[in-house]
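This report is meant for a reader who is meeting the structure for the first time. Please look through the sequence and the model before reading on.

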Amino acid sequence: MTGRLVQTHVLVTGAGGGIGLAIAEACLAEGARCTLVDRSPAPSDGVALLQRTHSTRVVYLPADVTDTNAVAQLIDAAQTANGPVHTLVNNAAVFDMAPLLESDEASFDHLFAVNVKGMFFVMQRVLQHMVDAGTAGASVINMASQAGRRGEALVSHYCATKAAVISYTQSAALAMAPHGIRVNAIAPGVVDTPMWGHVDALFAKYEGRQPGEKKRQVGLEVPLGRMGTPDDIAGAAVFLASDEARYITAQTLNVDGGNVMS
Ligand SMILES: NC(=O)c1ccc[n+]([C@@H]2O[C@H](COP(=O)([O-])OP(=O)(O)OC[C@H]3O[C@@H](n4cnc5c(N)ncnc54)[C@H](O)[C@@H]3O)[C@@H](O)[C@H]2O)c1
């Protein structure tokens with residue numbers, strides 16, 4: 001532990017597993033207090049482990065980020081538990097895909113509800129809280145994706161939601177700059193998490209592949225030669241949350257082994 005986040009409060013959504021859980025662990029290792037949010041009423045095994053190992057610095061609050069009333073209560077509860085929020089890691093999201101001509105309204109509504117509406121109103125609520133509290137060094141990190149940089153024939157709705165995350169990051173950064181609050185995003189490439197089990201199964205269905213085949217292929221195609229791990233993303237989140245990134249705002253940082261250059 002080097003203490004880069006000592007005496008800060010980091011709120012992570014979608015923290016039950018995958019990238020969110022790894023970010024929570026990395027922030028705790030840097031000394032932060034963490035409020036961890038996911039949709040299940042009870043903490044996941046990973047969150048429960050963090051609660052055992054970092055007891056007083058970890059609070060789990062269940063909430064569905066698509067429920068704006070629940071989000072309002074969540075931010076109040078997070079402040080009561082851990083004090084003013086210094087960093088929001090706006091990470092909760094869902095994935096789906098289908099051929100464009102078969103992409104249906106239900107999938108559109110679900111992806112936009114979680115990945116865009118949930119992302120935006122959690123961010124808006126936390127930014128209002130940060131402005132009111134005048135928290136020094138406050139920042140937001142939204143989880144975008146390489147999918148937000150370029151469309152894909154089979155992944156239109158998800159790609160569009162992640163393009164929206166990049167756009168909202170830029171708008172919010174400009175709106176919040178006068179308050180000294182930074183807003184950035186991370187665009188992971190392909191990361192080995194529970195989400196990729198789902199992604200691989202859908203590619204198997206729509207491209208007639210064997211289970212596991214797409215996942216192996218995308219890893220081999222990464223310039224650095226492998227899929228990312230959740231820890232690969234966590235380091236970037238700690239950096240963006242820390243004072244080392246104090247002059248960085250409105251950016252979407254690619255953390256993808258070289259897949260996207262911008
Ligand atoms: N895994 C990848 O390859 C990859 C690549 C690029 C971007 N991302 C992004 O990284 C983030 C984390 O992805 P991951 O791979 O760890 O996925 P994951 O599915 O492992 O984790 C996502 C978490 O979000 C939670 N969540 C979903 N809907 C929610 C809701 N309505 N309210 C509260 N929580 C909810 C889930 O329960 C889950 O714990 C997401 O924003 C994802 O789009 C992932």
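## The ligand and its surroundings

A polar backbone atom of Asn91 lies 2.8 Å from an oxygen atom of the ligand. The model discussed here is a predicted one, and in it 28 residues surround the ligand, the closest being Asp38, Asn91, Tyr158, Val191 and Thr193.

An N or O atom in the side chain of Thr193 is 2.5 Å from an oxygen atom of the ligand, while for Val65 a backbone N or O atom lies 3.0 Å from a nitrogen atom of the ligand.

## Two domains

The domain assignment of the protein divides the chain into domain 1, made of residues 9-191 + 230-255, and domain 2, made of residues 192-227. Between the C-alpha centres of domain 1 and domain 2 there is a separation of 24 Å.

## Where the domains touch

How many residues of domain 1 and of domain 2 are in contact with each other? On the side of domain 1 there are 18 such residues, and they are in contact with 15 residues of domain 2. About 1200 Å² of area is buried between domain 1 and domain 2, and carbon and sulfur atoms give 71% of it.

Polar links between the two domains can also be counted: there are three residue pairs in polar contact, both residues being at pLDDT 80 or more, and there is one salt bridge. The helices α1 (18-29) and α8 (230-241) each supply at least two residues of the side of domain 1 that touches domain 2. Sorted by class, that side of domain 1 has 13 nonpolar residues, four charged residues and one polar residue.

## Salt bridges

For salt bridges, the count comes to eight. One of the salt bridges joins Lys215 to Asp192, with the closest N and O atoms 2.7 Å apart. This pair links distant parts of the chain, 23 residues apart, since Lys215 belongs to helix α7 (residues 213-221) and Asp192 to the loop between β6 (182-188) and α6 (194-207).

A salt bridge is also formed by the side chains of Arg226 and Asp232, where the distance from N to O is 2.8 Å.

Conventions: Residues are numbered from 1 along each chain as its sequence is written. This is a predicted model: local features need pLDDT of at least 70, side-chain atom pairs count only at pLDDT 80 or more; totals for chains, interfaces and linings use all residues. Side-chain values use heavy atoms; hydrogens and water are left out. Domain bounds come from an automatic or database domain assignment. Contact means heavy atoms within 4.5 Å. Buried area is the accessible area (1.4 Å probe) that two parts lose on being put together, summed over both. A salt bridge is a side-chain nitrogen of Lys or Arg within 4 Å of a carboxyl oxygen of Asp or Glu. A polar contact is a pair of N or O atoms within 3.5 Å; within protein, one must be able to donate a hydrogen and the other to accept it, and residues adjacent in sequence count only if both atoms are side-chain atoms. Helices (H or I, at least four residues) and strands (E, at least two) are DSSP runs, numbered from the N terminus. Ala, Val, Leu, Ile, Met, Phe, Trp, Tyr, Cys and Pro count as nonpolar, Asp, Glu, Lys and Arg as charged, and the others, Gly among them, as polar. A residue is near a molecule or strand if one of its heavy atoms lies within 4 Å of it.
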